[in-house]
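Have the structure open while you read.

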Amino acid sequence: MKTHFIAIGGSAMHNLAIALKDKGYQVTGSDDAIFEPSKSRLEKKGILPQEMGWFPEKITQDIDAVILGMHAHQDNPELARAKELGLKIYSYPEFLYEQSKNKTRVVIAGSHGKTTITSMILHVLNFHQKDVDFMVGAQLEGFDCMVKLTQDNDFMVLEGDEYLSSPIDLRSKFLLYQPNIALMSGIAWDHINVFKTFDDYIEQFRKFVASITAGGVLVYNEEDPEVVKVVENAENYFRKIPYKTPEYEINNGKVYLKTEMGDVPLSVFGAHNLLNLEGARHICQQLGIMDEDFYEAIMSFKGASKRLEKVEREDKGTLYKDFAHAPSKVKAAVKAFAEQFKNDKKYGFLELHTYSSLNPAFLEQYDHAMDGLEEAIVFYSEDALKIKRMEPISPEFIKEKFKNEKLKVFTNAEDLHAYWDTLDKTDGVYLMMSSGNFGGLDLTK
């Protein structure tokens with residue numbers, strides 16, 4: 001099968017391209033910019049475009065599938081050529097469904113926790129050598145690629161994202177998967193550049209639940225009232241399995257899960273991660289993994305990439321980085337950090353990086369998000385606001401919305417880096433929350 005990727009360099013797209021190459025497909029692609037690690041990974045597989053840009057001549061009649069990434073625009077010249085030739089154009093999730101339509105599809109959805117839960121499930125399955133197809137949104141220890149596609153596997157585990165499918169398909173990605181088994185971890189308003197009201201956002205999850213196949217299974221977080229409302233109001237037939245935070249304790253900085261089989265030591269911490277773990281356990285039960293086998297495997301799970309991930313520093317300071325940017329994710333990460341390191345001085349750095357996090361209306365959601373930290377720092381770039389054509393935001397406005405008068409606010413990278421350099425990283429513990437990189441800050445030094 002001959003496939004062509006428009007915007008092959010994206011974090012999701014390049015992994016799918018690699019998975020198809022590994023499956024034996026003929027893969028080509030284009031992009032106007034490709035960064036690391038995508039560039040090296042594509043080059044290693046021999047599918048890195050020879051030059052950057054869009055080339056309509058690459059689009060030929062013999063292409064079986066054109067896969068369109070979100071990075072491309074509606075007026076992309078390669079997309080125009082594909083339409084002109086009448087080629088089949090897929091969004092990323094649409095093509096994943098095409099690859100898995102004859103398999104049992106397991107879809108993990110939710111505003112927060114979905115990457116970690118998917119990672120936990122795959123870690124357990126890999127530990128017990130149970131082979132499945134998958135797509136996950138983070139690089140996992142023991143896995144070469146974030147996507148795996150085969151002819152023979154019976155199951156496909158998919159991280160289900162509520163964001164848009166492609167520039168020409170404005171459906172939420174997870175609405176294309178039609179799960180046989182699903183999980184919903186939580187609902188907290190996100191992506192406000194697309195979903196202008198909270199109800200519009202919740203509607204995507206209502207549609208997701210409605211897309212579960214007849215007689216399917218939904219594992220859901222019964223501690224989230226919005227999730228419960230969506231589940232209770234669903235009109236289609238499926239089996240409902242609720243889950244909640246399990247009992248645990250922290251002894252000498254180590255988290256122990258309380259189970260009928262005794263205390264299980266874990267390598268992750270935070271109540272939200274224990275909740276994620278419980279959801280993963282119920283999904284694994286549906287895949288034939290007994291509880292004792294789940295606990296045996298989960299002990300060695302160290303977390304998904306950039307989800308409360310410990311950074312090894314030259315000075316041996318204690319520092320964790322987290323992808324947290326949405327308010328609910330920030331609050332969960334800070335709460336977990338405060339609980340785990342209650343006897344240490346805690347520094348928390350948050351970069352407001354996305355359209356949503358920099359939106360004045362959305363900033364209301366961050367109230368008290370940094371409470372529980374002795375030193376709380378927020379960074380956002382005034383230049384980024386200009387690039388995004390957004391109105392200026394004052395540090396005083398940020399402090400007001402966070403409801404934290406002690407908050408330190410930096411608006412340019414040089415000042416942030418200068419402050420960072422004054423800190424003794426072996427004094428206290430550090431939590432770095434961003435989907436960016438704090439203006440190029442090196443967290444290892």
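In this predicted model, helix α3 (residues 77-85) buries Glu78, Leu79, Ala82 and Leu85. Those residues span an arc of only 130° around the axis, so they end up on the same side of α3.

**Helix α3**

**Helix α6**
- With 13 residues (198-210), α6 reaches 19 Å from its first C-alpha to its last, close to the 18 Å you'd expect at 1.5 Å a residue.
- Its buried residues are Tyr201, Ile202, Gln204, Phe205, Phe208 and Val209.
- These cover an arc of only 140° around the axis, which means they lie on the same side of α6.
- The cover over the buried residues of α6 includes the strands β5 (104-109), β10 (169-172), β11 (181-184), β12 (216-221) and β13 (238-243), along with helix α7 (225-232).

**α5 against α9**
- The axes of α5 (residues 114-127) and α9 (residues 291-298) come within 9 Å and cross at roughly 100°.
- Angles from 65 to 115 degrees count as roughly perpendicular, so that's the label for α5 and α9.
- On the α5 side, the contact uses Met120, His123, Val124 and Phe127; α9 brings Phe294, Glu296, Ala297 and Ile298.
- Sorted by type, the residues of the α5–α9 contact come out as 6 nonpolar, 1 polar and 1 charged.

Technical notes
Residues numbered from 1 in each chain as written. Predicted model: local features only at pLDDT ≥ 70, side-chain atom pairs only at ≥ 80, totals over all residues. Heavy atoms only, no water. Helix = DSSP H or I, 4+ residues; strand = E, 2+ residues; numbered from the N terminus. Expected span 1.5 Å × (residues − 1). Buried < 20%, exposed > 50% of the residue type's maximum accessible area, 1.4 Å probe, protein only. Arc of directions from axis to C-beta. Contact = heavy atoms within 4.5 Å. Axes fitted to C-alpha atoms, helices over the stretch in contact; angles between N-to-C directions. Parallel < 35°, antiparallel > 145°, perpendicular 65-115°, else oblique. Nonpolar A, V, L, I, M, F, W, Y, C, P; charged D, E, K, R; others polar.
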